[in-house]
Amino acid sequence: MRRSVWVAFLSAALVVAGSGLIVLTATGAFDQSESSKPSAPAPSVRTKTVAKPPETTAAPTAAATPTQPPTLKRPSRSAATPPPVAISATRYVFPVGGCRADASQSHHDYPASDIFADKGCAFVSPVDGRVDEVTRVDTWNKKTNVGRDRGGLSVSVVGVDGVRYYGSHLSAIGAGIKPGLVVKAGQTLGLTGKTGSAQVTPPHLHFGISWPTPAGHWWIRRGAVPPQTFLNAWHSGRQLSPVSLVGKTRRAYGVDRGCRSYC
């Protein structure tokens, strides 16, 4: 019995001498000494445990990051969407207001349209622009039927689009309507009637579209481009510009050598 105790005692002594960390309890079990606790691995384990939460917290942030660019890009795509074309388009209106009016879909001898309406309906500027020429005296004679007199009372406007618009056979012209006056689309220029060659026809507005010319070039002013397509569009409230067709027709017309009909 003593020999067994002696062996145990020697074993314990060797362990203590080697590490200085182990003591023998009364029951023969081995425990850590109080002096060894500060250098024990337990605090090191706790330090690693504390370091893990930031990694776990960062994961949702990293996962959420890819969802942010689509949210930020949507406003950019929306902002890049072109606005309605009407934002900078020239405004056009049908040249007869306040009455029922029917535009002819053809015209004799040269491009124009007769817009049939009751006498006294408003002839309005079809576009923003300035008054070009005004004829306040009806000199038409049925016997001579000279082209320059056929329109009777008339007003022409050069629009901001560079196109000239002409209305004739008027029964009256506004008191302040004169060459150079700035007008707005829809502004009344005169009243429909039966002057000029319309003395022998139902009342109507003769309407012509052309390019601007020096004063007195009535053979261009009365109409050089078929206006029906544009009148039909404006009558239904659609915006359609004659600028392109007027330019093309002017180039095809060539040199202006004067009157070609009703001279």
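Arginine 130 stands opposite valine 182 in strand S10 and opposite valine 158 in strand S8. Strand S7 (residues 129-135) runs antiparallel to S8 (residues 153-159), and five bridges join them. With S10 (residues 182-183), S7 pairs in the antiparallel sense over two bridges. Strands count as paired if DSSP finds at least two bridges between them; helices (H or I, at least four residues) and strands (E, at least two) are DSSP runs numbered from the N terminus. The model is predicted, with local features needing pLDDT of at least 70 and side-chain atom pairs counting only at pLDDT 80 or more, while totals for chains, interfaces and linings use all residues. Residues are numbered from 1 along each chain as its sequence is written, and side-chain values use heavy atoms, with hydrogens and water left out.

The loop between S7 and S8 holds asparagine 145, whose phi is near 50°, a positive value in a residue other than glycine. Most residues other than glycine have a negative phi. Asparagine 145 counts as partly exposed because its relative accessibility is 23% (buried is under 20% relative accessible area, exposed over 50%, partly exposed in between, with a 1.4 Å probe and protein chains only). Histidine 169, in strand S9, also has a positive phi, of about 70°. At 4% relative accessibility, histidine 169 counts as buried.

Histidine 169 is among the residues nearest the centre of the largest pocket, together with Tyr110, Arg150, Ser197 and His206; the lining comprises 18 residues. A pocket is an open set of points on a 1 Å grid over the protein atoms alone, where a 1.4 Å probe fits, with protein on both sides within 12 Å along at least five of seven lines; lining residues have an atom within 4 Å of a point. The volume of the largest pocket is about 220 Å³, taken as the space filled by probe spheres set on the points, which are joined across faces, edges and corners. S9 (164-173), strand S12 (204-210) and helix H4 (218-221) each supply at least two lining residues, and S9 gives the most, with three. By class, this lining has three nonpolar, 10 polar and five charged residues (Ala, Val, Leu, Ile, Met, Phe, Trp, Tyr, Cys and Pro count as nonpolar, Asp, Glu, Lys and Arg as charged, and the others, Gly among them, as polar).

The second largest pocket contains about 160 Å³ of space. Its lining includes Asp109, Tyr110, Trp219 and Arg260, and has six nonpolar, three polar and three charged residues.
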